[in-house]
Amino acid sequence: MPLAISLIAPSSVTDEAAIEQGVRGLEALGVAVHRPAPLQRPARYLAGDRQWRLAQLHAAYADPATQAVWAVRGGFGCAQLAAGIDWALLARHPKPLVGYSDLTALLHQCHLRGLPAIHGPVAKAAGRLFEGPEAARALVRDQLEETLALIRGEARLDYPLAAWEEAPARLEGPVVGGNLITLASLAGTPLAFRAPPGALVILEDVGEPYYRLERALWQLVQAGALDEAAAVCLGTFEGCRAWDETPLEAIVAETLAPLGLSLYHGLPVGHGLHNRPWRYGATGTLVDGRLTLA
């Protein structure tokens, strides 16, 4: 029986051609895509007004024929939905929510309620299977196949990374986090992010100058969001602009210094071509330059 997913548009509006290309890519991998018609009813820069996007989310979870709810893209808008979500309905129909970037807000809320979530490529990324160099298409295919394996509950994945400075020989804890700017934007709200004890916090971002990244991280630190974490693991920071010769890792290390957290970098997670999926909240083990998730 082929895997079936419910496609949703909880955030920014998406070009229709990109949606069609993404659906075609998922279908090429043997996925049956269920989507409402229309998927979008644009309101400003959003895929629809708040009630439209909420109704779509609820219908996706209630569909008995699908095994995951997959966001077509991120952008902005997910945090607007959290207060209106019928969490009891989602709990009656538990299935992984898949996405990243703006989806960070909802992935963490799902985790807090014991619901499955996967930080991984958005659905429109499957359109990359038909464009670019063969090596890039193969990488995208591998990452999508890993995502499908996580949805099926089959995969136990590991990821390369490196310690920025001297680090413990072994760390183990729940893996949480996501988009840095999104997490910082939630500080001071009912959705505020707080890493659980011993957490390995993954951070990534796109298109932000280093001073904005430092400001966002400083906000998380000052809000106490990382007080109980054990480590921060940096993914990719695609198109993020340096001010001078100072590497981003040094800026992050300086900002985290009062907390005494271990810092790792080079994780293949983020807005660039390398965006391997991971099960949100899974127990991760850091040892010998690898992050392994149970």
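Predicted model: local features only at pLDDT ≥ 70, side-chain atom pairs only at ≥ 80, totals over all residues.
The structure holds one cavity of 30 Å³ or more.

Which residues line the largest cavity? The lining is made up of L57, Y61, I85, W87, L90, L97, L106 and C110. Sorted by class, these comprise eight nonpolar residues, with no polar and no charged ones. Three helices, α2, α4 and α5, each contribute at least two residues to this lining. Their extents are given below.

| Helix | Residues | Share of the lining of the largest cavity |
|---|---|---|
| α2 | 50–62 | at least two residues |
| α4 | 87–92 | at least two residues |
| α5 | 104–112 | at least two residues |

The report now turns to the sheet. Eight strands form an open sheet with mixed pairing, in the order β6-β14-β13-β8-β9-β10-β11-β7. At its edges stand β6 (158–160) and β7 (162–163), each of which pairs on one side only.

Within the sheet, how do β8 and β13 pair, in the parallel or the antiparallel sense? Strand β8, covering residues 171–179, and strand β13, covering residues 283–287, are antiparallel and joined over four bridges. P174 has T283 in β13 as its bridge partner.

Helix α9 (residues 248–256) lies across β10 (231–238) and β11 (262–265). The angle at which α9 runs to β11 is about 160 degrees.

Notes: Residues numbered from 1 in each chain as written. Heavy atoms only, no water. Pairing = 2+ DSSP bridges. Contact = heavy atoms within 4.5 Å. Axes fitted to C-alpha atoms, helices over the stretch in contact; angles between N-to-C directions. 1 Å grid on protein atoms, 1.4 Å probe; cavity = no way out; pocket = protein on both sides within 12 Å on 5 of 7 lines; lining within 4 Å. Points joined across faces, edges and corners; volume = space filled by probe spheres on them. Nonpolar A, V, L, I, M, F, W, Y, C, P; charged D, E, K, R; others polar.
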